[in-house]
Amino acid sequence: MSVYFPTMGLEIHAELLTKSKVFCTCSAEFGGSPNSRCCPVCSGLPGTLPVLNQKAVEYIIKAGYVMNCDISRFTKWDRKNYFYPDLPKAYQISQMPRPVCLSGKVNINVNGEDKVIRINRIHLEEDAGKLVHDDARHLSYADYNRCGIPLIEIVTEPDFHSADEVIAFVEKIKLLLQYAGICDCKMEQGSIRCDVNISIAPKGSTELGTRTELKNLNSLKAIAKAIEVEIDRQEELLENGERVIQQTRRFNEQLGETTAMRSKEDAHDYRYFPDPDIPPIIFTEEELEAIKNSIPELPEQRVERYVNEYGLKQSDADIIVGDKKICDFFDEAINEYNNPKAVSNYILGELMNRINRGEADMENLKFGGADFAKLVEFMQTDKISQANGKIILREMIENGGTAKDIADRDDLWIKEDNDLLAKVVDEIIANNPKPVEQYKSGDQKVFGFFMGQANKALKGAASPKAIQEYIRKKLSE
Amino acid sequence: MDIKKAKIRDLRKALDNKEISAPELCGEYFKKIDEKDGEVLSYITVTKDKALKDAENAQKLIDAGKATALTGIPLAIKDNICIDGVKTTCASKMLENFIPPYNATVIEKLNAEGYVLLGKTSMDEFAMGGSTQTSAFAKTRNPYDLERVPGGSSGGSAAAVAASLAPAALGSDTGGSIRQPSSFCGVTGIKPTYGRVSRYGLVAFASSLDQIGPICNDARDCAVMLNAICGHDRHDATSARVDTPDFTEKLGQPINGLKIALPKEFYAEGIDDTVKKCVLDAAHELEKQGATLVDCSMPSLKYAIPAYYLIACAEAASNLSRFDGIKYGYRGEGRTFEELIRDSRSKGFGEEVKRRILLGNYALSSGYYDAYYKKALALKQEIIRQYDKIFEQADVILTPTAPTPAYKIGEQDNDPVKMYQADICTVTVNIAKLPGISTTCGYTADKGLPIGMSIIGKRFDEQTILQVADAWENGFVPLDAKL
């Protein structure tokens with residue numbers, strides 16, 4: 001057991017899902033060929049001026065509400081000055097003393113235990129561009145497409161003491177932002193990014209140790225790993241009687257180690273001052289109320305609805321809500337076929353199986369929740385057998401289409417063919433005298449054997465109910 | 001047609017009456033530019049080809065009876081206002097070859113009127129200075145005495161109008177850059193209320209102080225120009241959502257009953273006696289026309305220069321950071337980003353610009369912010385408060401525009417503090433976001449150099465200061481420039 005305990009705080013950057021950039025009308029979409037989504041304003045040409053996107057302001061206020069923050073009635077923007085080739089104005093428009101959101105809190109659950117993480121502030125700023133380096137030719141290219149995409153920076157208090165807590169929090173923030181419609185939270189595309197401030201101190205100490213800041217954490221896995229190796233590194237330093245230096249460190253995922261980027265001594269002096277181009281904003285209570293009321297249903301409310309109104313198990317509801325795509329799919333499905341339990345079972349069973357096996361992904365599903373609901377309904381009402389349902393689902397995943405069309409085309413409907421049923425079951429009973437004996441002597445378990453045989457042979461030509469009744473009747477003769 | 005000292009309204013009449021065509025008219029100005037600008041050096045770029053095309057289009061509008069106030073009127077534009085496809089240098093080596101891909105909003109508005117661009121006028125580099133001698137390309141001379149400065153930073157625009165190389169021009173004013181050169185060159189220039197004219201496309205010096213305005217032969221022409229360029233702009237969040245009146249409306253109305261305040265600090269030590277006397281004589285002339293003179297005080301004036309230079313330089317340091325040699329403009333040498341940017345900025349900027357960038361960054365540095373920048377903001381609030389107080393008892397304020405008439409080229413080169421002090425009469429107007437107009441009130445007896453006075457108005461009350469300036473000009477006989 002270590003004699004140290006770690007303390008961490010997070011800075012999370014999330015790109016907002018506005019259509020246009022934060023200070024001009026260029027598209028804020030991800031990607032695009034280099035420098036195809038920029039204009040004189042976001043590429044910082046002389047004479048241009050920023051005009052604040054009101055939608056971005058609305059989104060950060062929503063972010064504030066979903067994280068239980070105080071929303072400032074008066075907010076303003078500042079310039080953060082530093083030179084870098086991906087920053088065409090050589091200053092980032094950000095917020096220093098008067099951010100939109102202050103002092104919030106977010107509940108997380110870590111290994112069954114509830115914990116509150118305090119939010120220090122959330123502010124609105126602009127993203128910078130991207131540099132692409134061609135090492136072979138010793139050239140660097142600047143792509144300004146990302147310049148001016150609205151970002152919120154969420155700064156927490158140093159409330160984390162384990163990587164699990166950090167991961168749980170980041171997952172929670174991702175859900176909150178996705179459900180509020182503020183950010184798509186695609187870590188792999190950088191639409192949400194996380195820096196970790198981390199220090200260790202001897203157990204029982206009331207003072208925090210010297211912290212380092214970890215950057216370049218592109219996945220939850222990277223965050224967990226980086227925290228682990230950085231704690232180890234700091235422990236080793238202290239054990240060897242050395243000091244931790246306050247610095248920014250970059251995590252190298254391949255090598256699984258953190259390396260120093262810059263220390264406090266050469267940290268930038270950003271020379272913040274109020275941006276004279278953007279007038280401060282004063283919000284009225286009515287404006288804030290209207291924005292608050294426009295926030296869609298949040299994850300916790302959805303879980304509540306599923307458990308209390310639909311009677312789903314808490315654990316099932318948690319899984320469904322844990323992925324917004326699945327959750328929206330579920331809501332669409334039960335809107336079509338109001339049998340939440342059956343729909344949830346089939347999503348968590350069959351559909352999740354396929355997803356986990358990599359055969360399907362929610363991102364590129366070729367059918368919607370309503371199509372899926374129809375399939376479940378056909379199975380629940382004995383129009384399609386479970387076995388044929390699986391075949392149809394596979395077809396829908398691979399090629400799309402509706403359950404009805406596929407069943408029509410491939411002749412997969414239950415036909416209630418009583419003659420065929422009698423013929424098949426009679427044959428099974430005749431060919432299996434031993435299990436028949438067992439059943440008659442009171443061994444009910446073998447009933448499943450007869451059902452399985454009959455299902456296999458009938459290929460959905462009769463409903464399970466009809467098969468069951470007929471077998472029972474024959475066996476008791 | 002004789003274009004000497006021609007007013008916009010005279011040219012309008014001549015164009016509408018077909019006494020001259022628009023192409024012929026701009027041709028007259030180009031002829032004069034060819035003759036005289038070798039001595040005055042007011043233009044950095046002359047746009048003959050573009051002008052001829054623009055003039056032909058304007059003529060079509062005139063022939064179709066669709067002319068508005070500025071259709072076919074040739075104008076000069078200060079070289080820090082972006083024009084699509086026309087070199088915009090800010091008189092700096094840094095932007096020697098910069099061609100903007102977009103128009104400033106004022107240019108869009110002038111285009112809508114069908115104006116004709118004569119060229120881009122010289123200025124102090126990035127509008128930093130009061131002499132136009134920091135220009136990297138054309139160190140403009142005063143048409144009244146070629147050995148003297150035209151003032152600045154809009155010295156090219158003022159000299160061009162004074163020498164009849166343009167009937168009117170646009171300038172920009174951050175701490176007096178329209179009014180002071182207007183006063184040195186014996187023309188009339190107005191800095192509108194902050195927010196009255198869109199700054200979109202004006203290469204920023206100090207964003208909270210910059211304002212575009214016209215420099216013309218008289219207040220009446222200034223009013224015509226203002227009518228064309230004012231109004232809210234969705235590209236500039238600091239442009240005001242106020243109605244644009246007809247600025248010619250109050251011209252010619254009598255000024256009796258108007259209260260004119262004379263803050264004593266503007267007539268104190270540091271102001272040339274000749275200038276003081278000339279402005280006060282004008283005040284008494286206005287009194288004769290029925291105005292009432294009101295004594296008042298602005299105790300904070302003594303802090304105005306440090307407050308102004310701290311705010312202006314802080315903003316400038318940030319605004320000029322984008323010139324790094326990466327995207328456009330002068331590119332130095334270097335293997336790394338750090339080396340490249342250092343070389344580009346060291347060689348691309350002139351001394352005065354570098355001085356102000358250093359001063360601004362110093363004032364914003366951690367540890368100094370509270371001592372300098374924050375104090376400057378507090379002084380700004382105090383200056384605003386004192387103006388508000390004066391305007392409780394007066395309609396306009398009358399001051400000298402500059403402490404001296406035009407001085408000799410080179411005279412102030414080695415003393416930046418003295419040079420900064422020369423802005424004492426104009427900077428508070430920018431700090432308080434007020435409108436101010438400078439018009440000629442007399443000439444020095446010995447050398448015939450123009451002396452200017454400034455009329456300062458309440459926010460968004462350009463109409464009254466235009467009215468007062470016009471009332472003065474109607475009884476005043478200007479002396480022509482020697483050139």
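## Basis

Domain bounds come from an automatic or database domain assignment. On that basis, chain A is divided into domain 1 (4–285), domain 2 (297–410) and domain 3 (418–475).

This is a predicted model, in which local features need pLDDT of at least 70 and side-chain atom pairs count only at pLDDT 80 or more, while totals for chains, interfaces and linings use all residues. Residues are numbered from 1 along each chain as its sequence is written, chains are lettered from A and ligands numbered from 1 in the order in which they are written, and side-chain values use heavy atoms, with hydrogens and water left out.

## Domains 1 and 2 of chain A

The centres of domain 1 and domain 2 of chain A, taken over C-alpha atoms, are 36 Å apart. Their contact (heavy atoms within 4.5 Å) takes 8 residues from domain 1 and 12 residues from domain 2. The rule finds 2 salt bridges across this interface (a side-chain nitrogen of Lys or Arg within 4 Å of a carboxyl oxygen of Asp or Glu). Glu363(A) and Lys186(A) form a salt bridge through their side chains, at 3.9 Å from N to O.

## Chains A and B

Between the chains, 36 residues of chain B and 29 residues of chain A are in contact. About 2600 Å² is buried between them, 61% of it from carbon and sulfur atoms; buried area is the accessible area (1.4 Å probe) that two parts lose on being put together, summed over both.

The count here is 1 salt bridge. Asp277(A) forms a salt bridge with Arg199(B), with the closest N and O atoms 2.9 Å apart.
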